[in-house]
Structure formats: structure tokens, C-alpha cells
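Please look over the sequence and the structure before reading on.

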Amino acid sequence: MPKLPRRNPRAMALKTLIRWERGKPLLDEILSEVLVKSVLPDPRDRALCGELVNGVVRHLYYLDYVISRFSEEPLDRMDPQVRNLLRLATYQLLFTRVPARAAVAEAVKLVKRGRGKWVVSFVNAVLRKIAEVRERPPEPPREMNPVAYLSVRYSYPEWMVTRWLSRFGEEETERLLAAGNEKPPLVVRANTLRVTRDQLLNYLKAEIPGAEACRYSPEGIILRGFRGRITELRAFAVGWLQVQDEASQLVSLLLSPRPGERVLDACAGVGGKTTHLAQLMQNTGRIYAYDLYAWRIERLRENAERLGITIVESFTGEVVEGVKAFGAGFFDRILIDAPCTGTGVIRRHPDIKWARKPEDLTKVPEKQLALLCGLAESLKPGGVMVYATCSLEPEENEEVVEKFLSSHPEFEIEDPRKVLPEATRELVDENGFLRTYPHRHGLDGFFGVRLRKRRAR
């Protein structure tokens, strides 16, 4: 395979797609690695590379459908470089404002590196045909069965479409699929240890006129129209804000920790919720944050330091074993933001669509239930435990909760509306579950439940 230039954003996007297609690793990680090695000097080139990669992965099935309409050569028989180059250029033609001539010319330029003339002619011919129908590209016929049509049109695996059709019906499933393909807004949380949301919003509007307050979270701000790097904002550098989606912020509010308490964040990640809990506690008390990966804990520590948070004690390792050293009933509150299939955050991580398999909905819930059961003893009587996921699937949400409650009668579901903002009432169902959906609320898809441990009588 010809070597691709390291300073060309389209070449770097092509390299990333080829590597991703080969083994389906986490797209964020492979993209970060490629960008570091590419030494793209212009931030706009780095942004373009990321946009192209995510766009192709987001619309993969549909791009392949369009290409197949104009290519006599089946995609599965093409060289990986040619196949992904066609996808890359077709995405630019159908989903961006890149001039058609530029999209085609750049693709031809890349394929000329070490390829025969017939390959160059083939790529040029296919892309020119697609460019001619740019304004009215071919659509899969709706006469297809609903699963096949929706799978191709919105680029989702058929097994996932089938599940959602059975739960939501055809009209709502189509809206859910479309919402999952939208580019999500950038949302930040005001660090109320240093600034109020109104103060931060007024400050940000001078630089980002489209900035606006979130509807549900009292600390959230949507940075509409912002195209730069968040780390370059002065408000970020001085610790006035933290990137965190609005639905994620609601999970912290669901736990509602109080100043002076001992709180366990069992799956802390890079600390979005951890630092939110700390500001809700007014930076008093103690938060014990666990994660399996050292690099995440390092990022958590960096975020806490930037935000001026001093009450977090972080640990790398398996949380159920780790907290045994503290003894039973040690924590006032426990947050289990459980690892899950992530079907609620596909708009942020489009590769989730292709990474997940039906069997995950058996294996993952087993681990989630083990976390709940393993940490139950660590919560003091009268304490609160919140179980949350960024999944839309019942197997990972209410079914896990039901199984947990059946074996732990000392726990009960508590109405979350008494601790959540008034605006969130529409997000709580009749069972006391917090649910958010991209197509209904414009938020990431989250599930959360507040569990109270009864006191002994």
C-alpha cells in the first residue's frame, strides 16, 4: 500500500479509516494517535481530519450504498485504500460544503501515489458520477422492509434497528436514528466554586455569541457556533468551566451529595461527574474516585487541579475489591456510572454502532449487576446509591435494577424529582427512572435511578 503524506488532513483521515476498518479499535484513540503522529501544523487541518473520519463512520452504510450505485466493482473486492478513499470523497460530496471539484481532485491526487492509471481513472469516474447527483443523491427505496431501509438510510446495523423498531415503532425509530447521526453540541458546566452560570455565560457571549443556558441543568451552557478548541478558552484555563454533556450533569444532581459527606465515584473516568460532585459538596468532605485505567485517573487529577478541587482521592484499580479496605457502611453516597454499550451516545461516538454486538446485551449487564451487588455493603444505612448508564437498552437499565432489588430488599427506588430541578420532571417516568433521549430532548441518551438503603428497624 502506498505511503500517505503525514501533513495532508485527507491523507491522515484515510489512514485512520483503513486502520479502523481493519480491527474496529476505539475510534477516538486511533484518531488521537494518528493526529499526534501526523504533525498537522494547522488546527483547522486537524479539525478537518476528525470531521472526515467521524463523518464516514457515522454514514458508512449509506455511503457504501451510493458508491455501489455508480461502481461496477463491488466494494468488498476493492483494495482497502481505494474503498475508503471513495467513502471519504463521497462523504465530502454529500455531507459537506467542500466544492465538488476539490473533493474529487484531492481524492485523485491521493490515489495517484503508487497506483496504476486504471485505478486512478476508476476513482475519478465514480466520484464524478456521484458529484453530478450531489444535490439529489440516490436514496434506498422505502419499499424495502423497514429494517433494511432504515439500516441503509441511516447507517445502523440491522440488529440494532430491529430492537428499536420493536420498542419505539417506525416513526420514532427513524427520528432516533436521525438524531444519532447529528453532530452534538458542545456543552460545558459552570464551576460554581469560582463563578455563577450567569457570570460565565455573560463572559462567554463576548467570544461565542451563540452561547446559551441549558434547559435542564442549572449549571450547563451550550456553546453553539463554537469552532475552536475548548482548551484555548481563557475560561477553561482558569477553571471556570468543565466540558460535560447536560444529561451527564443531571446524573450528578440525581445523587445530590451534601457538603462534608463521604462519596464513592465507582467508575470515575476523566472526572466529569467527579468534579461536579465536588462542587455540589462545596469542596468539603471526601470523594473517593476509582477507575481501571491510569491515564483516566491522571486526566481526572489534572481537571480537579484546574478547577480548584481538593477533596478528591483517586485510585487506579478494581473498585469492588478496593473499597473493602474501608469496611461496610463507609460511604454516605455512591455513584455507579456503569460501563455500558453506549447506545445513548452514538452521536458523540459513531463507531459504537459498529463495535457493539447483540451478545453484549448479555455480557455487559452481568458486569453491571456485579458492580451494584458488590458495592451495596459499602453504603451506610440511610445512604443513597445512584446507578446510571449512557445506554438506551432495557437489559442494561431497568432489568439490572430489578435484578438488584430482588436480591437486595434493603434498597428501594426513591422519587428523584425531589432533588432534581423543576424543569427535569418530564424526564422522569412513572417508575422513578430518569431517562433522556437524543431525539426527544436533544440530550445524550442516559438512564439513572436513585436507590435509598433503608435503615435497620
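A residue is called buried here if its relative accessible area is under 20%, exposed if that area is over 50%, and partly exposed in between. The model is a predicted one, and 19 aromatic pairs are counted in it.

**The pair of Y288 and F326**
- Y288 and F326 form an edge-to-face aromatic pair, with 5.1 Å from centre to centre and 65° between the planes.
- This pair links distant parts of the chain, since Y288 belongs to strand β6 (residues 286-291), while F326 lies 38 residues apart from it in the loop between α15 (319-322) and β8 (331-337).
- Y288 is buried, with a relative accessible area of 9%, whereas F326 is partly exposed at 25%.

**The pair of F330 and F331**
- The ring centres of F330 and F331 are 5.0 Å apart and their planes stand at 85°, so this pair is edge-to-face.
- F330 has a relative accessible area of 16% and is therefore buried, because buried means under 20%.
- F331 is buried as well, with a relative accessible area of 0%.

**The cluster**
- Both pairs belong to a cluster in which ring pairs link Y288, Y290, F315, F326, F330 and F331.

**Charges over rings**
- The charged end of R153 sits over the ring of Y62, at 5.0 Å from the centre of that ring.
- R440 lies over the face of Y437, where the distance to the ring centre is 4.3 Å.

Conventions: Residues are numbered from 1 along each chain as its sequence is written. This is a predicted model: local features need pLDDT of at least 70, side-chain atom pairs count only at pLDDT 80 or more; totals for chains, interfaces and linings use all residues. Side-chain values use heavy atoms; hydrogens and water are left out. Rings of Phe, Tyr and Trp (its six-membered ring) pair if their centres lie within 6.5 Å; planes under 30 degrees apart count as stacked, over 60 as edge-to-face and the rest as tilted. Helices (H or I, at least four residues) and strands (E, at least two) are DSSP runs, numbered from the N terminus. Buried means under 20% relative accessible area, exposed over 50%, partly exposed in between (1.4 Å probe, protein chains only). A charge sits over a ring if NZ of Lys or CZ of Arg is within 6 Å of the ring centre and within 35 degrees of the ring normal.
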